[in-house]
Amino acid sequence: MVNYLIVLFSVTLVYFAAAERLIIYIRLLAIQGLLLCGIAVFELNEINTVNLLFIVTETLIIKTLLIPYLLSRIISRSGVSKVHRQATPGFYLLLLSILSLLVSVILAGAMINQYINVIYMAVALYTLLTGLLLIITHKLIISHLIGFLIVENAVFMFSLAIGSRMPALINIGILLDIFVGVLILGFFGLRLKPHTNELTMLKD
Amino acid sequence: MPGVILIFISALFFPGIILRTKSIASGRKGPGIFQPLKDIAVLLRKGSVFSGTTGIIFQIAPVIALSTLVCASLLLPFANQRSLISFGGDFIFFAYLIGLGKFFSIIAALDTGSSFEGMGANREAFFSMLIEPAFFILMATFAMFTGHTSFSGIFNHFFLTGNDYVLIFSIIGIFLFTQIAMVENSRVPVDDPRTHLELTMIHEVMILDNSGFDKALIHITSYLKFAVYGSLMYNIIVPSGWNIFLHVILFLAVQLLFAVAIGLLESFRARNKMNKNPKYLLTISAIAWISFVIVLILTNKLTV
């Protein structure tokens with residue numbers, strides 16, 4: 001069952017590379033939150049119940065519901081619906097995404113040892129590279145935020161790769177969620193104005 | 001041998017079923033199932049007209065394209081029988097036979113010296129190049145999954161692996177073969193055979209100079225290609241060990257369903273913008289690539 005969820009998680013990452021609308025990115029983030037919840041339930045049955053309950057609540061409420069809701073509010077308020085300011089065309093992003101899957105599989109294969117779950121490591125590396133690719137190939141700051149959220153999911157996956165040996169890493173992953181929450185609230189606090197590119201463009 | 005005969009029989013009715021489905025879906029009376037066959041019969045009775053600028057390449061290309069596809073159909077197994085030609089890695093031979101036919105169609109289009117046909121040839125070559133990795137990765141996935149490298153070996157052992165993931169591979173296989181068949185036959189969403197504007201054409205613009213007998217051969221090639229991909233799909237849906245008569249019925253049913261599915265897809269799906277096509281084709285390869293990673297996981301090539 002866990003393998004099915006991991007495969008679905010990888011498919012969402014390919015979809016990230018192919019999608020062009022921000023609303024699809026948000027839906028994919030919500031699906032990823034749901035899949036991470038499922039993976040955590042099936043995989044982390046060795047850690048104590050309170051910790052597991054906390055992780056499940058966090059993935060289900062914050063990752064699946066709260067963050068996608070806040071992001072959709074930002075998109076509706078800013079009036080930006082399409083990723084039309086890509087620095088690189090989507091074709092190359094997809095090509096890089098496929099290459100990054102290849103690199104992830106090779107790297108994870110090279111890191112074989114008894115403490116690391118190679119499947120999780122491969123998917124975590126792929127998630128990390130997809131997030132980074134999204135950040136470096138998109139110009140909209142909202143895309144950067146989504147890229148950061150994907151990187152954060154990668155950290156969660158990394159924590160699963162190491163299993164229950166390093167529970168502190170899972171807590172660090174959850175801490176990142178709180179940082180992102182503050183960042184998103186910061187967007188709200190700055191009062192977005194529709195049809196101006198105040199918060200949608202990098203001012204460099 | 002029965003498999004090859006069934007492929008030829010289903011190829012006869014394939015375009016008619018697509019046309020009927022499209023007619024029904026759009027609420028038109030439309031032509032009958034045998035109309036494409038009647039059109040081909042008319043074309044076969046006509047002679048071919050060749051432009052003065054064309055050479056021998058243009059004249060032999062339709063025959064080569066058809067013969068490569070007939071040879072490719074000999075590689076496909078039926079039920080639990082081996083195909084007429086079978087050897088390790090024959091799916092690579094299959095892909096390159098189809099590629100050879102396409103290559104001759106492309107250079108025949110270039111041979112005419114028409115800028116429109118050159119443009120169509122350019123697009124056809126580019127899109128074929130992008131869809132080819134999807135086919136190879138998918139077949140490599142099946143080869144790793146079953147432990148065999150020939151079509152006969154792969155399809156005869158596909159359901160014998162006893163693996164729970166066979167359903168996932170069947171679904172991915174059906175999806176990818178459908179997409180590959182649509183692209184290889186220049187259908188929606190990559191190309192649209194109904195288009196009448198040369199600038200937006202891909203395959204149709206390549207065969208503008210062909211007429212009469214040659215045009216009939218090109219159409220027959222296209223119909224046969226659909227039936228060949230339908231046969232590939234049938235092999236990953238139906239377990240090979242069943243009764244042969246049941247296989248014949250199921251083969252025709254799968255081809256019928258495939259033709260209806262194509263008709264429905266063409267009725268309810270818009271054609272892509274030309275600049276969206278490369279991304280669309282690469283997404284198909286990406287899905288094939290994920291199926292390959294799944295099989296890596298399954299065969300414990302990734303695990304500790």
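In the predicted model, helix α2 (residues 22–43) and helix α3 (residues 49–78) of chain A pack with their axes 8 Å apart, at an angle of about 175 degrees. Axes are lines fitted to C-alpha atoms, for helices over the stretch in contact, and angles run from 0 to 180 degrees between N-to-C directions. α2(A) is therefore roughly antiparallel to α3(A), the term for angles over 145 degrees. Residues are taken to be in contact if their C-beta atoms, placed from the backbone, lie within 7 Å. On the α2(A) side the contact includes A:L22, A:I26, A:G33 and A:V41, and on the α3(A) side it includes A:I55, A:K63, A:I67 and A:I75. The contact residues of this pair divide into 17 nonpolar, 4 polar and 1 charged; Ala, Val, Leu, Ile, Met, Phe, Trp, Tyr, Cys and Pro count as nonpolar, Asp, Glu, Lys and Arg as charged, and the others, Gly among them, as polar.

Chain A holds 7 helices and 0 strands, where helices (H or I, at least four residues) and strands (E, at least two) are DSSP runs numbered from the N terminus. Of its 204 residues, 42% count as buried, that is, with 20 or more other C-beta atoms within 10 Å of their own C-beta atom, placed from the backbone. Among contacts in chain A between residues at least 6 apart in sequence, 71% join residues at least 24 apart.

In chain B, the axes of helix α4 (residues 90–111) and helix α5 (residues 115–146) come within 9 Å and cross at roughly 175 degrees. α4(B) and α5(B) are therefore roughly antiparallel to each other. Contributors to this contact include B:F91, B:K102 and B:L110 of α4(B), and B:E117, B:S128 and B:M139 of α5(B). The residues of this contact comprise 10 nonpolar, 3 polar and 4 charged. Chain B has a mean pLDDT (the predictor's confidence in each residue, from 0 to 100) of 90, and 98% of its residues reach 70 or more.

The contact between the chains takes 21 residues from chain A and 16 residues from chain B. On the side of chain A that touches chain B, α1 (2–18), α4 (90–110) and α5 (118–137) each supply at least two residues. α4(A) gives the most, with 10 residues. The residues on this side of chain A divide into 15 nonpolar, 6 polar and no charged. For the complex, the predictor gives an ipTM of 0.72 and a pTM of 0.84.

Residues are numbered from 1 along each chain as its sequence is written, and chains are lettered from A and ligands numbered from 1 in the order in which they are written. In this predicted model, local features need pLDDT of at least 70 and side-chain atom pairs count only at pLDDT 80 or more, while totals for chains, interfaces and linings use all residues.

Terms used: Contact = placed C-beta atoms within 7 Å. Parallel < 35°, antiparallel > 145°, perpendicular 65-115°, else oblique. Buried ≥ 20, exposed ≤ 12 C-beta atoms within 10 Å, placed from the backbone.
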